[in-house]
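The following exercises concern a structure with its solutions worked step by step. Please examine the sequence and the model before reading on.

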Number of protein chains: 2
Amino acid sequence: METLFSDRAKNIVASEIREILKLTSKEGIISFAGGLPAPELFPYQQLKSISREVLDSMGPAALQYNTTEGYEPLREKIAERMTNQGMKTSADDVLITNGSQQGLDFAGKIFLNPNDIVLCESPSYLGAINAFRAYGCDFVEVDTDEDGMVMASLEEKLKTVENVKFIYVIPNFQNPTGRTWTLERRKELMALANKYNKVIIEDNPYGELRYEGEAVASLRSMDTEGRVVYLGTFSKTFCPGLRIGWVTASPTLLNKFILVKQGADLQTNSMSQRELDLFLEQNDFDAHIQTLIALYKKRRDIMVDAIESYFPKHVSYGKPHGGLFLWVTVPEGIDTKVLLDKAVDLGVAYVPGVSFFPSGMTKNTMRLNFSNMNEEKIVEGIKILGKLLE
Amino acid sequence: METLFSDRAKNIVASEIREILKLTSKEGIISFAGGLPAPELFPYQQLKSISREVLDSMGPAALQYNTTEGYEPLREKIAERMTNQGMKTSADDVLITNGSQQGLDFAGKIFLNPNDIVLCESPSYLGAINAFRAYGCDFVEVDTDEDGMVMASLEEKLKTVENVKFIYVIPNFQNPTGRTWTLERRKELMALANKYNKVIIEDNPYGELRYEGEAVASLRSMDTEGRVVYLGTFSKTFCPGLRIGWVTASPTLLNKFILVKQGADLQTNSMSQRELDLFLEQNDFDAHIQTLIALYKKRRDIMVDAIESYFPKHVSYGKPHGGLFLWVTVPEGIDTKVLLDKAVDLGVAYVPGVSFFPSGMTKNTMRLNFSNMNEEKIVEGIKILGKLLE
């Protein structure tokens, strides 16, 4: 049957991270590999009464077909939160998706012809790369530093690379580097996107998980020409298993996303949308996020301290101001993919950085997740990795 | 921004049915338009305790990321049901999707290049047509009669039409016609698919809702070469709002579906999969389906009787042996799309048949849903339509 596959299907291959995560899901392993939030903070106790209340008050309507756009009260609440974050938004500007991953897939579907180019940060989120690649595009990596994309590198690509459709960025606590773009860089990105007429996909799964410093204005808040597609999610602030994210964009663009959603799966889960809505209704969501922040900040600090204590001095890393990941650079010559086998044998897992470079060029980096393991395991795992790196 | 859209995005336009359903959702209208199951039979009372039990027994794990393939106990139960229906299936052969609509979208993604051809029944399910069309394909309609596709017509297309990738069929209680393929036709279809090396997409959302006669063997059960992709769903037998369907196919094909699912939205809702699994665990699902059958059979009979009593004699229709739809043919010269405006003014809605013909050629048909309105409204609505058709 393979001869009947579409050309694009040939681009859809198993991601390395998927195989790694399988490898690392074995019992007892200390995993810094996945991007899993801490399950002990999922509000599952509240959900017990909430799901009952939803069914009591709405009856079977909570289980019937729903509009493609999503449950309106939830869209209103999302719009209100976004407005409070400096992005004037109404419910009509919001489409509920199955996590922000679905928004990424839709962006690929809406913008990418085969051989079109996506400009992305170097490195960038593997799941986005895979979602876009399914539409037959290629990637051109833009240099990054501690402040975000390097604008000279971006403008050079915009000038010289043909068929660029959009620029994909994660400006807050980027996956995998944990870095956050400065306001200046964001302004410059907007100016360049306007000048060269490109769409921006602003992926913001971690923005609300800030452990220090002040929030920086989103690209969407600076968008005067309707060229930013903003992707949000409750996977990191509520729970991932209910698969609720959203897309906000100008009416022209959002309308296309809605139509794509209709063909893709009609709508997001009716029941889960109502449960999340009632949770937001009954709880102080910002206070809930503060609880997450307290735990994750502690875990970040413990990981940083452990790295300082146990990693050799020739290893460098960035201390992220938020999010879930810490990015480590080991001396050139060490291939972290080769090292992983040994690490797993010793009971510790991470994601080799190479997976996050579409070019596959950089081999001496690793991404460490600090949200999912408890404090003791973080120290233990870093100790083991430190010995291995010696 | 429209200039930046992909070529395929230009094919993604609002479906007529979507606009019709909006029109017909106004308060008090008697709607035969949607394909909505009867909400009064959704097991929402049981779900109250089930969601609590899931959270009690599994805790936050029910809200965490899950594997892309889906929750294994649920996949096992689906495999067991399929095996009982004559399709030998194991859990590894099953991928959980967001309803079968997502399976349709994935089939398009996996098989269709721009300008490839889909062979489909004439008429066929609008949602599938829209899902496939998003990948830039074209459609060639194959003639149908009361027994399914007309095989001479199919073979002629297979001989003469280039770039056919798959044949899309709904063999049981087809949407929109309500017709069921005979065993003979199914065997012939398989033989032709083997001879001409085409994939078959077998969409079976209504197969378990049979009100009379014996079940006919599925195409998947006759598949000796791994060319049938079978799509199932719980939307019509449990509820649509939890968005749970599945794909079964040969390992080579299913593996591609799994990879596509990963890029598209990572996984289906963790919580809902566990709720459905526990419902299947605790209840006799076949008995539950019998309850649905009893109600829908009654509604079908009432609609048929009302049509006999109130429709003019020059109107013809087919009495379906199952499913949710009844297909009506009015005299040529009556455009049911034009008629719909008047019908809605009088408080009744249906879907004009033209929407189900990719060619848009046939104007004198309509699809009537009998599952969603109560018995009294069915009679009242048919009476009004009958007057209008006089």
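**Exercise 1.** State how many residues the largest nonpolar core has and which of them have the most contacts inside it.

*Solution.* A nonpolar core is a set of buried Ala, Val, Leu, Ile, Met, Phe, Trp, Tyr and Cys residues joined through C-beta atoms within 7 Å. A residue is buried if 20 or more other C-beta atoms, placed from the backbone, lie within 10 Å of its own. The largest such core has 154 residues. Those with the most contacts inside it are A:Phe166, A:Ile200, A:Val229, B:Phe166, B:Ile200 and B:Val229.

This is a predicted model: local features need pLDDT of at least 70, side-chain atom pairs count only at pLDDT 80 or more, and totals for chains, interfaces and linings use all residues. Residues are numbered from 1 along each chain as its sequence is written, while chains are lettered from A and ligands numbered from 1 in the order in which they are written.

**Exercise 2.** Determine how α3 and α10 of chain B are arranged.

*Solution.* Helices are DSSP runs of H or I with at least four residues, numbered from the N terminus. Helix α3(B) (residues 44-58) and helix α10(B) (residues 270-282) pack at an angle of about 110 degrees, their axes 9 Å apart. Angles of 65 to 115 degrees count as roughly perpendicular, and α3(B) and α10(B) are therefore roughly perpendicular to each other.

**Exercise 3.** Describe the contact between chains A and B.

*Solution.* Residues are in contact if their C-beta atoms, placed from the backbone, lie within 7 Å. Chain A gives 66 residues and chain B gives 66 residues. On the side of chain A, α9(A) supplies the largest share, nine residues.

Notes: Two residues are in contact if their C-beta atoms, placed from the backbone, lie within 7 Å. Helices (H or I, at least four residues) and strands (E, at least two) are DSSP runs, numbered from the N terminus. Axes are lines fitted to C-alpha atoms, for helices over the stretch in contact, and angles run from 0 to 180 degrees between N-to-C directions. Angles under 35 degrees count as roughly parallel, over 145 as roughly antiparallel, 65 to 115 as roughly perpendicular and the rest as oblique. A residue is buried if 20 or more other C-beta atoms lie within 10 Å of its own, exposed if 12 or fewer, and partly exposed in between; C-beta atoms are placed from the backbone.
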